[in-house]
Amino acid sequence: MGAKLTYALAAAVLVVYFVLVGSRGVFLIREGTLVTVTFGVAVLILPLIGAWFLWKNTEFVRKANRLAEELEREGGLPVDELRRTPSGRIDRDSADEVFRRRKEEAELTPGDWRCWFRLAVAYHDARDTPRARKAMQHAIALREGRRTGV
């Protein structure tokens with residue numbers, strides 16, 4: 001619940017920022033000179049890109065959470081079998097060993113979104129966030145009936 005609250009708060013702050021920056025862009029455009037209109041348009045592009053990025057990330061998180069809920073109902077969520085250091089961090093060797101098993105499982109059944117979901121979790125535990133995200137995107141695409149190039 002804390003992560004959801006943090007995400008919602010960060011998203012709200014970003015939206016306020018986008019509105020403030022957008023209003024500055026509109027103000028510059030209203031000035032009417034070539035320089036201010038050019039800067040105003042450039043300033044308006046930034047919040048548009050930011051809003052698009054926020055929307056895409058929110059959609060990704062929402063879809064990934066739906067997959068997690070479905071997998072939980074089925075009893076297929078990955079069990080936390082990772083060893084941890086005294087400080088609570090995941091032991092790297094343990095994460096690598098679980099990752100190897102999850103990767104093998106996904107390679108054996110490449111069309112099963114559940115395997116790709118578990119692989120995404122294993123990538124995350126192994127601290128490989130870009131690949132974790134790609135694996136989760138692949139799991140989402142498979143669940144939605146779309147094929148990807150992974």
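Reader: Why are H4 and H5 called roughly antiparallel to each other?

Author: Happy to explain, keeping in mind that this is a predicted model, where local features need pLDDT of at least 70, side-chain atom pairs count only at pLDDT 80 or more, and totals for chains, interfaces and linings use all residues. Residues are numbered from 1 along each chain as its sequence is written, and side-chain values use heavy atoms, with hydrogens and water left out. The axes of helix H4 (residues 113–125) and helix H5 (residues 129–143) cross at roughly 165°. Angles under 35 degrees count as roughly parallel, over 145 as roughly antiparallel, 65 to 115 as roughly perpendicular and the rest as oblique. H4 and H5 are therefore roughly antiparallel.

Reader: What makes H3 roughly antiparallel to H4?

Author: The axes of helix H3 (residues 92–108) and H4 cross at roughly 155°, so H3 is roughly antiparallel to H4 too. The axes of this pair come within 9 Å, and those of H4 and H5 within 8 Å.

Reader: Which residues of H4 and H5 meet?

Author: On the H4 side they are Trp113, Trp116, Phe117, Ala120, Tyr123 and His124, and on the H5 side Arg131, Ala132, Ala135, Met136, His138, Ala139, Leu142 and Arg143. Contact here means heavy atoms within 4.5 Å. These residues divide into 10 nonpolar, two polar and two charged. For that count, Ala, Val, Leu, Ile, Met, Phe, Trp, Tyr, Cys and Pro are nonpolar, Asp, Glu, Lys and Arg are charged, and the others, Gly among them, are polar.

Reader: Why is Ala139 called buried?

Author: Ala139, found in helix H5, has a relative accessible area of 0%. Buried means under 20% relative accessible area, exposed over 50%, and partly exposed in between (1.4 Å probe, protein chains only), so Ala139 is buried. Not counting residues up to four places away in sequence, Ala139 touches Leu67, Trp113, Trp116 and Phe117.

Reader: How do you know that Arg118 is buried?

Author: The relative accessible area of Arg118 is 12%, so this residue counts as buried as well. Arg118 sits in helix H4 and, leaving aside its neighbours within four places in sequence, is in contact with Leu71, Gly76, Pro78, Arg102 and Glu105.

Reader: What lies 2.8 Å from a polar atom of the Arg118 side chain?

Author: That is the backbone oxygen of Gly76.

Technical notes
Axes are lines fitted to C-alpha atoms, for helices over the stretch in contact, and angles run from 0 to 180 degrees between N-to-C directions. Helices (H or I, at least four residues) and strands (E, at least two) are DSSP runs, numbered from the N terminus. A polar contact is a pair of N or O atoms within 3.5 Å; within protein, one must be able to donate a hydrogen and the other to accept it, and residues adjacent in sequence count only if both atoms are side-chain atoms.
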